[in-house]
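Please consider the following model with regard to its overall fold, its surface and a few selected residues.

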Amino acid sequence: GLPTPPFHCEGFLAANGRQRTRRLAVLASLTSTLVLYESPHRLRRTLEDLVRVLGEDRRACICREMTKVHEEYRPGTLGELEREWLDRDPRGEYTLVIAPPPPGQLQISMGLEEEVKRLVALGLRPKQVASVLAKYFNESKSKIYAISLEYYSRD
């Protein structure tokens, strides 16, 4: 039930929480369906990060043991899936399929400076912040890079 053309297969995210969060912040700006792989012991943490970075209302589906006898598909929003998996014992191989943001409703919902602060707080470097935000705010990368340096140096 999620749109597939186009899709972006990211594969496994980094095990390190900070690196994972940085990468998710970059992926949040994509307008394609995301496909992620995850191990059972990191599934809950990844769902927490997805909710924090992409938002709890983003539609998704957790696919377990695809193409095997005990395959299972659990659709819902990221928030619903996170709450559901708090009480479950993850076993097997997982594929997470995450819908793109609804048209016209990218994660960019605040003003430029607020978005810069948010992405820097998530751990993105100034160059990454500039790359992610330039096209959405129709500003030059150098201007956004300069703004992000102010907040990056404060941390």
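**Structural briefing**

In this protein, 68% of the contacts with a separation of 6 or more are made by residues 24 or more positions apart, a contact being heavy atoms within 4.5 Å. The model is predicted: local features need pLDDT of at least 70, side-chain atom pairs count only at pLDDT 80 or more, and totals for chains, interfaces and linings use all residues. Residues are numbered from 1 along each chain as its sequence is written, and side-chain values use heavy atoms, with hydrogens and water left out.

**Fold and dimensions**

- The protein comprises six helices and five strands, taken as DSSP runs numbered from the N terminus (helices H or I, at least four residues; strands E, at least two).
- Read from the N terminus, the order of elements is β-α-β-α-β-β-α-β-α-α-α.
- Along the principal axes, the C-alpha atoms occupy a box of roughly 55 × 30 × 20 Å.

**Surface and charge**

- Buried residues make up 45% of the 155 in the protein, where buried means under 20% relative accessible area, exposed over 50%, and partly exposed in between (1.4 Å probe, protein chains only).
- Carbon and sulfur atoms contribute 51% of an accessible surface of about 8,600 Å², computed by the Shrake-Rupley method with a 1.4 Å probe.
- The protein carries 24 positive and 21 negative charges, whose mean positions lie 5 Å apart; Lys and Arg count as positive and Asp and Glu as negative, while His and the chain ends are not counted.

**Serine 39**

- Serine 39 lies in the loop that joins β2 (33–38) to α2 (43–54).
- Its relative accessible area is 15%, so serine 39 is buried.
- Beyond its neighbours within four places in sequence, serine 39 contacts Phe12 and Tyr94.
- Between serine 39 and proline 90 the C-alpha distance is 8.6 Å, although 51 residues separate them in sequence.

- The structure contains zero disulfides, a disulfide being a pair of cysteine sulfur atoms within 2.5 Å.
- For cysteine 61, the closest cysteine sulfur is that of cysteine 63, at 4.0 Å, which is too far for a bond.
- Cysteine 61 is buried, because its relative accessibility is 14%.
- Cysteine 63 is likewise buried, with a relative accessibility of 5%.

How values were computed
The place of a charge is taken as NZ of Lys, CZ of Arg, CG of Asp or CD of Glu.
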